[in-house]
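Subject: Handover of a structure and findings

Dear colleague,

Please find the structure below, followed by an account of what was found in it. I would be grateful if you could read the two side by side.

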Amino acid sequence: ELLAGKRFDVVISDMRLPDGLGLELLQDMAREQRPERCVVMTAYGSAENAVEALKAGAFDYLTKPVDLRQFRAVVASALAGDDARRPASPDLADAGRQALERLVGTSATMQRVKERVLRVASGMAPVLVRGESGTGKELVARAIHACSHRGDGPFVAVNCGAIPESLLEAEFFGARKGSYTGATHDREGFFQAARGGTLFLDEIGDLPLAMQSKLLRAIQERQVRALGSTQEDAVDVRVVSATHKDLAAEVQAGRFRQDLYYRLNVIEIVVPPLRERREDLPALCQALLTRIARDSGVPAPQVDAAMLRHLQALPLPGNVRELENLLHRAVALHEGGVLDIHLDACAAEEPGAIEAHPPVTSEPLQASSLPADLQAWLDEREREILVQALHGNGFNRTAAAQRLGLSLRQIRYRIARLGIEVPGHDDGADDGKS
């Protein structure tokens, strides 16, 4: 009756009401397209109920007894979300638009991804971004963040598979001075760093089971305890995760917790592989080449029809990341004018091996010139590419790694293995601005 009579800022509802269910209230509000955010609370909390409420349109979901600080934070976030429905500031609008523009492509599958991003950005429901390696899952996560009312807050990206298991708890939740050997000062974890913004958990399927349990509690309770601390800190973050694995199959195999899967997979966005959106290749090439040229300080080369036909014929199992690496090499080797298809002739012969040992010669090897020591030959080619990338980025290893589609950890390993000297860095040093 109250909703029928006037508008409100926020609706706070129990799940079990004297005359019905909170879910029915949510469904009525969705049907009438009401602007109010709805926060649902219940003493009968479960992962399945949370998913059901969030999918029905709830802004957020709390289990009783509710911590008052947490409750206030959720209501404040709901109010901010309501403000986000009104005209946004020019900066935030621009940030969201730019993030969507980085999702290059006008194919039907990419249009669906963009529409899904806009639809889910305004809420707090966890989002699982699923897709093959190299499809651009982090770009989708950044677009969700930029289009949301949290767009002016931090976006913290975490590669769950790149952190040693012994350091996971300290990295995620922070650590107090003296809590472990080498902890010389208090430090924040990813949850604290993302407060007021978005925490992006990439390759969530790689987390060990023990850490999955701790992550589930942090998401449910919205509180974390730093290593070595006796107190819990309230954290206000939206969780977006990504994986190339089939998490449902991982649950069946006992490698991923079912309750965490329900918590993370409230809303799913599937990013299509490049083979399913070949019509986007021309636009992707143009966007990638423009950025590569800008980063390299050279004029953007033109792509002719022959080059596009060549690219269309490649399987590109590494998706957009492989395409970007291929174009990086073509730009590095071309001598001006139209980008020459023949500059990557080796890639045409063996496209599936592009990432494993990228070719740099302008002519394919003939049988008579096959190397006597294949590994040494490959190492030398890899060394040449790494040195070229390092030179081109002022020996900033982070920038060089990004240009080659590697992580900082991977490029460090390759630099050490191939004995490449990097001026101004000792063996364990970090890049100044990484």
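Helix α6 (residues 108-121) and helix α7 (residues 137-146) cross at roughly 40°, and their axes come within 8 Å. Axes here are lines fitted to C-alpha atoms, for helices over the stretch in contact, and angles run from 0 to 180 degrees between N-to-C directions. Helices (H or I, at least four residues) and strands (E, at least two) are DSSP runs, numbered from the N terminus. The pair α6 and α7 is therefore oblique; angles under 35 degrees count as roughly parallel, over 145 as roughly antiparallel, 65 to 115 as roughly perpendicular and the rest as oblique. The crossing of α6 and α7 is right-handed, a term used if the near helix is turned clockwise from the far one by less than a right angle, with left-handed used if anticlockwise. On the α6 side the contact (heavy atoms within 4.5 Å) is made by V113, V117, V120 and A121, and on the α7 side by V140, A143 and I144. These residues divide into seven nonpolar, no polar and no charged. Ala, Val, Leu, Ile, Met, Phe, Trp, Tyr, Cys and Pro count as nonpolar, Asp, Glu, Lys and Arg as charged, and the others, Gly among them, as polar.

Please note that this is a predicted model, in which local features need pLDDT of at least 70 and side-chain atom pairs count only at pLDDT 80 or more, while totals for chains, interfaces and linings use all residues. Residues are numbered from 1 along each chain as its sequence is written, and side-chain values use heavy atoms, with hydrogens and water left out.

Of its 434 residues, 46% are buried; buried means under 20% relative accessible area, exposed over 50%, and partly exposed in between (1.4 Å probe, protein chains only). Among contacts between residues at least 6 apart in sequence, 70% join residues at least 24 apart.

V40 is found in strand β4 and is buried, with a relative accessible area of 1%. Leaving aside neighbours within four places in sequence, V40 is in contact with S13, M15, L26, A58, D60, Y61 and L62.

Two backbone positions deserve mention. Most residues other than glycine have a negative phi. Q33, although not a glycine, has a positive phi of about 55°; Q33 lies in the loop between α2 (22-31) and β4 (37-42) and is exposed, with a relative accessible area of 71%. F395, in the loop between α17 and α18 (397-404), has a positive phi near 60°.

Finally, C38 is buried at 3% relative accessible area, and C160 is buried at 3%. The count of disulfides (pairs of cysteine sulfur atoms within 2.5 Å) comes to zero.

Yours sincerely
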